[in-house]
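Q: I am new to this structure. Can you show me how to read its sheets and helices?
A: Here it is; we will take one feature at a time.

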Amino acid sequence: MTVTAGHEMGKFLLASYRLRILFRGVFLLLAVATVGLALSVLQQEKQLSYNNYQASFNKTRQQISATLRHPAGQLALLNPPAENSRASLRPLLLPYSAIDFDDQNKVQQAIAMSGCLVQYGNAGALCSGIGNNPWAGGFIYIAGNFNSSQLVSHKRGNESLTQAHRLKVSVSLRGQTYRWIAPFEEETAPARQNQGSRGRWTGFNESEANRPNARPVRDFRGWAWQQAICNQADLDDKDEGCQKNTFFSLRLPIPVLQEALFEKKRPVWPPQDLDQMEVSLTVLPPDSEQPLLDSKNLPTATPFSLKDLQANLMPGETLRIRKRDGQDRADKQGEQGKPPGDLINLTGVVEQAEESWNIITRLIRRLPVDEYDIPLESREIISTPLANYDVLLTGDVRSVSKSLSVVASRVAWFVGAMLLALTLAWLLIEVSIIRRITLLTKRAVSVSKTVKSAGDLDRFDVSDLRSPDELGVLASCLHDLLRRVREDVEREAIRTEQEKEMWHAVGHEIMSPLQSLMALHGKPDDQSNRYISRMQQAIRVLYGSASPSEAFQSTVLQVSEIDIALFLKNVASNAPMVGIPDVFYQGADEVVMVKADEYSLEDVVTHVLRNAERYRLPGTAISITLHSSETTATISIHNSGPHIPDDLIDKIFEYGVSDQHDSAANGNRGQGLFVAKTYMAKMGGTISVQNVSDGVNFILSLQRGI
């Protein structure tokens, strides 16, 4: 006994913990799978991010290379950013040996390609530069455009220069300043149609300009081309407010530079102090000192610079540009804090992104990806007319991990939320389900033992439901409980059968006096005969059944052929005897035979008439109308009164449905129309209801007899 009890106790303890181990193992696997999935996704994202970074790095390299090979990039290479930027205009070393300043198209093309223009808002633009060939002469070129009214020309012999459009130009270098005043002189030859005006800028030394018989500077050259149409499309060129665009080019002779070319056999070019030179140009209208264009104003846009390449760099990338020959300038920059030999050293701006968790950053860096350890570096040589340059672009793969770690830090919240949800689900199942099942199992075992001691209950086989776990034990106990319920149901069935036998006895006792009444009122012309017969039928239908609805549905009717016209006349004439006055029949007097049970059909019509009586308006009649066809006879019972509500019109034929809250107290149990529908169906007919304009119509349909 002791060994058996210990064995049973061991099996019970194993069953009690089996589901717990299963559930805990499943949740542990889910947690591990969640973390593993997150790591797998991070590794894939790191690989994709690294591949995308490689593609972006190559694209950046191509963009920088294409930019530096363009004339605008060549201009930036030949003119590295000055250490101290100044607002004044300074000459740039152009990627051309010289500018053909006499040809408008060539000048415009040259400055447009090189990108040397400095914009001054809507006032205009200026480009100042020198050629990259020293033997082209020591000249400074200035080109640009401005807006003005029709250019006013200076007349030869007129000593005053202020009555025409004019330029004021100055160049400062090596302690000297050269100043010129250049009035506009229009060409005498007529311009072509729609070509605008064209003329020269005649340069005078500013110190000699106001003297009589002042002579122009011989090597000073300048041209101006003014377009023929106004900038404003709605103005004519003769209107006072017409502003036209004027393009001009100048060649300024600089004696200091010209003399330096012949001091040595190999002249130094470009001049080492090029970034220290200052150029100033002002365009003045006639009789006014209010400039149309002034280079001393702050520019709104400057030429492309090597510093602008920083916008192409991704975070952490480094761009170094070094001149391959001529280290003087490079050594000077090395002394100022830059690596020796570097013209410029740029690093991609690292955006201030959200802070990431350090542990996630370390984790992402340890995730292996293909070719991650290979450094990204690109080296190219860019050639210019004066020198060659090394362009070194270095990538920073750490930015991949850093940017991904920021995203992963946000995703970590979701992973943590999933793990928390798994933990909560486990705790919920552990506390609210497993613990309760364990307690229920213990109590069910106790109840099962108590029930078995009361008698022999082993005849039910539950081998297909039992299993060695908590739910199996619960199933066995539940089987025992259901067996007891079954016994209670059997006892209830016996009690119901006894009640039915009692109702049979009651019915028998009621039928005896009804038979006596039938003997007293058995004559066919006695009106009581019909109602006594109906009472006998009701007793036979109701008593001995479980419920009235089951009784009506199980009733077997004696269907025969009756004259429906004569039947309806009798119902209408006898209606006052049952308390339903003012019932009129309307229909043909001919014989119309239908298939029906006379007593059941009279119950149907009476129930409908009682319903019509209850809802008709006072003083109105109830009409019964008969229509017949070859196959059917249709009875319409109409009463004037309120409509049936829409929510009840499809339910009034159901058992127990009534719109009167106290229907049971008044004897109206929602049973009459249910009986009518049941009897009509058993007679092969139908009954329906519809709202009409002045009341309600009940429509009964029966099959015609032969």
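Q: In what order do the four strands of the open sheet stand, and how do they pair?
A: Keep in mind that this is a predicted model. The order is β14-β13-β16-β15, and the pairing is antiparallel.

Q: Which strands stand at the edges?
A: Look for strands with a single partner. Here they are β14 (342-347) and β15 (377-383), so one side of each has no neighbour in the sheet. From one strand to the next, the twist averages 15°.

Q: How many bridges join β13 to β16?
A: Six bridges join β13 (residues 318-323) to β16 (residues 388-394), and the two run antiparallel.

Q: Where do side chains point in a regular strand?
A: They alternate between the two faces of the sheet.

Q: What is the order in the open sheet of five strands?
A: Read β18-β20-β21-β23-β22, with mixed pairing. The edge strands are β18 (583-586) and β22 (686-692), each pairing on one side only. Neighbouring strands are turned by 20° against each other on average, direction ignored.

Q: Do β18 and β20 pair in the parallel or the antiparallel sense?
A: Parallel, over four bridges; β20 covers residues 622-628. Tyr585 has Ile624 in β20 as its bridge partner.

Q: Which helix packs on this sheet?
A: Helix α12 (residues 598-615) touches β18, β20, β21 (632-640), β22 and β23 (695-703). The direction of α12 makes about 25° with that of β21.

Q: What do β20 and β21 form?
A: A hairpin, with three residues between the strands. They pair in the antiparallel sense over seven bridges. In this pairing, His627 stands opposite Thr634 in β21.

Q: How many bridges join β21 to β23?
A: Nine, and these strands run antiparallel. Ile635 stands opposite Leu700 in β23.

Q: Why is β21 largely enclosed by the rest of the structure?
A: Check burial residue by residue. Seven of the nine residues of β21 are buried, so the strand is largely enclosed.

Q: Is Thr60 buried or exposed?
A: Compare the relative accessible area with the cut-off: buried means under 20%. Thr60 has 5%, so this residue is buried. Thr60 lies in helix α1 (residues 2-69). Beyond its neighbours within four places in sequence, Thr60 is in contact with Asn312, Leu313, Met314, Glu317 and Leu393.

Key: Residues are numbered from 1 along each chain as its sequence is written. This is a predicted model: local features need pLDDT of at least 70, side-chain atom pairs count only at pLDDT 80 or more; totals for chains, interfaces and linings use all residues. Side-chain values use heavy atoms; hydrogens and water are left out. Two strands pair if DSSP finds at least two bridges between them. Axes are lines fitted to C-alpha atoms, for helices over the stretch in contact, and angles run from 0 to 180 degrees between N-to-C directions. Contact means heavy atoms within 4.5 Å. Buried means under 20% relative accessible area, exposed over 50%, partly exposed in between (1.4 Å probe, protein chains only).
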